Amino acid sequence: MGVYRRVVRPVLFRADPEWIHDRSIRLAGWAGFAARAMAPCFATDDDRLKVTVGDLRFSSPLGLAAGFDKSARAVPFLAALGFSHVEVGSVSARPSAGNPRPRLFRLPAQQGIIVNYGLPNDGADQVATRLAKSTAPVGVNVVNTNYGPDAPEASDDEILDDYVHTVTRLQDLAGYLCLNLSCPNTRDGRGFFQDQGRLRALLDRLADLGVRKPLFLKVAANADFDPLLATATEFGFVTGFAVNLAPGKPQGVRSGHPGAVSGKPAEPAADKAIRDLYRRIDPARHTIIGSGGVFTAADAYRKLRLGATLVQLLTSLVYEGPGIARSITRGLPDLLARDGFQRVSEVVGVDA
Ligand SMILES: Cc1cc2nc3c(=O)[nH]c(=O)nc-3n(C[C@H](O)[C@H](O)[C@H](O)COP(=O)(O)O)c2cc1C
């Protein structure tokens, strides 16, 4: 990772962040043919790290968070970097251009990114075609289509239909589903599902459809968890919860750019959310996916101890480069051994 930090990153960081993100995904998509050869260099095969969620088996708790490969263009290559799973999306029923550019800004001094993408993606049909060819463990993150700031406001039914369409189209191609209920950067995403009636209506629709895959609800780190849990608990197919960025700027981040902040500045709120959620759930029934500022094995380990069963990252891939998953999964066993644990599943929630 030293070479990436000293040589590659300074070059990449001279260019526009979205341009680099786009080119990286295209390059990774093209390099998919090399995934099988690369995988042994990055993979960790260690029984202590193995995680089970229902029928799903993960080689480690560490995955790539939604938002890096929004349209499933590069899953085999990204999985070969040592992630136990790649969450693609957010994917919506129709293709979306997202918010007007520029909409992605680096915060190098704080190891963060300001993200105001507004959910650009190629839509469920295109993603289905790509996932049909993938054998890697994939989560599909689902959201409603963002038709842009000038589009007429969607009705409640239109928004729910959008989610249902994408779940219908993609669930058989996914290892798990994650409903993004909280995009901080779109009009519909900010507050729509704070109304529990709407969340119940969506989950009722999915119950009628028949959800065949583990399903997570991704909610803002600053959400009100009690009403959410009361609603979610009514639906047996809800497997757990994932923590998203909170809207606005965390303490200490001053910027005129609109958008939510990922990476290190997001860490305190994410950690608090994981602990608060864990204290409220029945861990035998619900599982937490934690993300927000995971740069090291110690960061991932702390999230496990606070209550996350799966841990994801995105921003540290940008700052630390393609060796990040390997460095974290290789560091975790030492932390387990230091504290006298045999396997990661024993650690989940011990600090909550
Ligand atoms: C550039 C960028 C795009 C993102 N896009 C999405 C998205 O489309 N859907 C989603 O659920 N989360 C999205 N996220 C949130 C991440 O999945 C993750 O929860 C968050 O960034 C915290 O992890 P990190 O600090 O390791 O980046 C995005 C984050 C970033 C930085």
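## Rings, ligand and buried side chains

Q: Is Phe193 buried or exposed?
A: Keep in mind that this is a predicted model. Phe193 has a relative accessibility of 7%. The cut-off for buried is under 20%, so Phe193 counts as buried.

Q: Which parts of the chain do Tyr163 and Phe193 tie together?
A: Tyr163 and Phe193 form an edge-to-face aromatic pair, 5.5 Å centre to centre with 85 degrees between the planes. They are 30 residues apart in sequence, so the pair ties together helix α6 and the loop between α7 (187-191) and α8 (196-209).

Q: What is the relative accessibility of Tyr163, and is it buried or exposed?
A: Buried means under 20% relative accessible area. Tyr163 counts as buried because its relative accessibility is 1%.

Q: What kind of pair do the rings of Phe295 and Tyr319 make?
A: The ring centres of Phe295 and Tyr319 are 6.3 Å apart, and their planes sit at 40 degrees. Planes under 30 degrees apart would be stacked and those over 60 edge-to-face. So for Phe295 and Tyr319 the pair is tilted.

Q: Which residues form one aromatic cluster?
A: Phe295 comes from the loop between β12 (287-291) and α11, and Tyr319 from helix α12 (residues 315-320). Both Phe295 and Tyr319 are buried. The cluster is made up of Phe13, Phe295 and Tyr319.

Q: Which residues come nearest to the ligand?
A: There are 24 residues around the ligand. By class, that shell has 10 nonpolar, 12 polar and two charged residues. The ones that come nearest are Ala66, Ser90, Gly263, Ser291 and Thr315.

Q: How many Å separate an oxygen atom of the ligand from a polar backbone atom of Leu314?
A: Start with Lys70, where a polar side-chain atom lies 3.1 Å from a ligand oxygen. Gly292 has a polar backbone atom 3.3 Å from an oxygen atom of the ligand. For the polar backbone atom of Leu314, the value is 2.9 Å.

Q: What percentage of the ligand's accessible area does the protein cover?
A: On its own, the ligand has 600 Å² of accessible area. Elements giving two or more residues to its shell are β4 (85-91), β10 (238-244) and β11 (260-263). The share that the protein covers is 96%.

Q: Why does Glu267 count as buried?
A: Glu267 lies in helix α10 (residues 267-280). Leaving aside neighbours within four places in sequence, Glu267 contacts Gly292, Gly293, Asp299, Arg302 and Lys303. Glu267 is buried because its relative accessible area is 13%.

Q: Why does Arg305 count as buried?
A: Arg305 is in helix α11 (residues 297-306). Not counting residues up to four places away in sequence, it touches Asp339, Phe341, Val347, Gly349, Val350, Asp351 and Ala352. Buried means under 20% relative accessible area. Arg305 counts as buried because its relative accessibility is 18%.

Q: How many Å apart in space are Val164 and Leu336, C-alpha to C-alpha?
A: Val164 lies in helix α6 (residues 156-170) and counts as buried, at 11% relative accessibility. Not counting residues up to four places away in sequence, Val164 touches Leu202, Arg205, Leu206 and Leu209. Val164 and Leu336 are 172 residues apart in sequence, and their C-alpha distance in space is 41 Å.

How values were computed: Residues are numbered from 1 along each chain as its sequence is written. This is a predicted model: local features need pLDDT of at least 70, side-chain atom pairs count only at pLDDT 80 or more; totals for chains, interfaces and linings use all residues. Side-chain values use heavy atoms; hydrogens and water are left out. A residue is near a molecule or strand if one of its heavy atoms lies within 4 Å of it. A polar contact is a pair of N or O atoms within 3.5 Å; within protein, one must be able to donate a hydrogen and the other to accept it, and residues adjacent in sequence count only if both atoms are side-chain atoms. Accessible areas come from the Shrake-Rupley method with a 1.4 Å probe; for residues, only the protein chains shown count as cover. Helices (H or I, at least four residues) and strands (E, at least two) are DSSP runs, numbered from the N terminus. Ala, Val, Leu, Ile, Met, Phe, Trp, Tyr, Cys and Pro count as nonpolar, Asp, Glu, Lys and Arg as charged, and the others, Gly among them, as polar. Buried means under 20% relative accessible area, exposed over 50%, partly exposed in between (1.4 Å probe, protein chains only). Contact means heavy atoms within 4.5 Å. Rings of Phe, Tyr and Trp (its six-membered ring) pair if their centres lie within 6.5 Å; planes under 30 degrees apart count as stacked, over 60 as edge-to-face and the rest as tilted.
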